[in-house]
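Here are my notes on the model. Please read them with the structure open.

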Amino acid sequence: MGKGSLLAISWLAPGAIVIVWELLARGGWISPQVLPAPSKVIATAIKLATTDNLLNDLGVSLLRAASGFAIGAGIGFALGTLVGFSRIAEAAIDRSVQMIRAIPFLAVLPLVIVWLGVGEAEKIFLVALGVTFPIYINTTLGIRQVDPKLVELGRVQGLGRLELIRRVILPGALPSILTGVRYALATAWLALVVAETIGAQSGIGFLAMDAREFLRTDVIVLTIVIYALIGVAADAIARLLERRLLAWHPNYGGQR
């Protein structure tokens, strides 16, 4: 089957859910106060985009997510690379990282608010914190799983340490690192949802909390749909990176 056919199949289930949802809402089986029809949600989106600050809130949330992701991914990759190459670094760093990773967002949130307040720094910090761990774990795992025979072959070919890392080890670890990126993208939005429910004056999370105060279920559902669509778009970007950066790999190149 071609890529177009596979893409169409991937949207069959979501499309069927939306159609059934619309029919049930129009038939009175679902109360509008409980779950408004998709057509109502679309109408609300158009209205908010043209008369309110929906696009501004979306832009603010995207900027927060991108900033936190860049910081967290950089830290996670640096720590993962260090631990992946050094057993001493693993002994010094890994246990502390795993202890911090085990702490839930909601548990650390009060302390973060004390440290940073409820401004932009708090939100970006929480996103960065959530992103760091998937990148760290998958970077470390990817480096450790590189085939030793490939490393030995590189040494036989006369590659120096830096060349060996650049041409053998990091490319071999790249599938695992990009898997970490996909997990981190999902975690970034989870962390942002938590962050934007506390003291935010803008953003998609703030829009949802404000709608809750006025029992606007159509706006609440709209924010959930926006999060879902952004997640799909982010995953599509990650898949594109996989195809481009792993074109040499038989499982990621022309077969996907």
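1. Thr44 is in contact with Arg216, Asp218, Val219 and Leu222, leaving aside neighbours within four places in sequence; contact here means heavy atoms within 4.5 Å. Thr44 sits in helix α3. Helices (H or I, at least four residues) are DSSP runs, numbered from the N terminus. Thr44 counts as buried because its relative accessible area is 5%; the buried class is under 20%, exposed is over 50%, and partly exposed is in between (1.4 Å probe, protein chains only).

2. A word on the basis. This is a predicted model: local features need pLDDT of at least 70, side-chain atom pairs count only at pLDDT 80 or more, and totals for chains, interfaces and linings use all residues. Residues are numbered from 1 along each chain as its sequence is written, and side-chain values use heavy atoms, with hydrogens and water left out.

3. The largest nonpolar core has 45 residues. Such a core is a set of buried Ala, Val, Leu, Ile, Met, Phe, Trp, Tyr and Cys residues joined through side-chain atoms within 4.5 Å. Leu54, Phe69, Leu126, Val131 and Leu222 have the most contacts inside this core. Two or more residues each come from α3 (38–51), α4 (54–85), α6 (105–116), α7, α9 (161–196), α10 and α11. Helix α9 gives the largest share, eleven residues.

4. Leu126 touches Phe105, Val108, Leu109, Val112, Ala191 and Ala195, not counting residues up to four places away in sequence. Another core, of nine residues, lies apart from the largest one; Ile143, Val146, Ile165 and Ala173 are among its members.

5. How do α5 and α7 pack? The axes of α5 (residues 87–101) and α7 (residues 120–144) come within 11 Å and cross at roughly 145°. Axes are lines fitted to C-alpha atoms, for helices over the stretch in contact; angles run from 0 to 180 degrees between N-to-C directions. The crossing is left-handed: the near helix is turned anticlockwise from the far one by less than a right angle. On the α5 side are Arg87, Glu90, Asp94, Val97, Gln98, Ile100 and Arg101; they meet Leu129, Phe133, Tyr136, Ile137 and Arg144 of α7.

6. Check Leu215. Its phi is positive, about 55°, although Leu215 is not a glycine. Most residues other than glycine have a negative phi. Leu215 lies in the loop between α10 (204–213) and α11 (217–245). At 73% relative accessibility, Leu215 is exposed.

7. Thr179 is in helix α9. Thr179 is partly exposed, at 27% relative accessibility.
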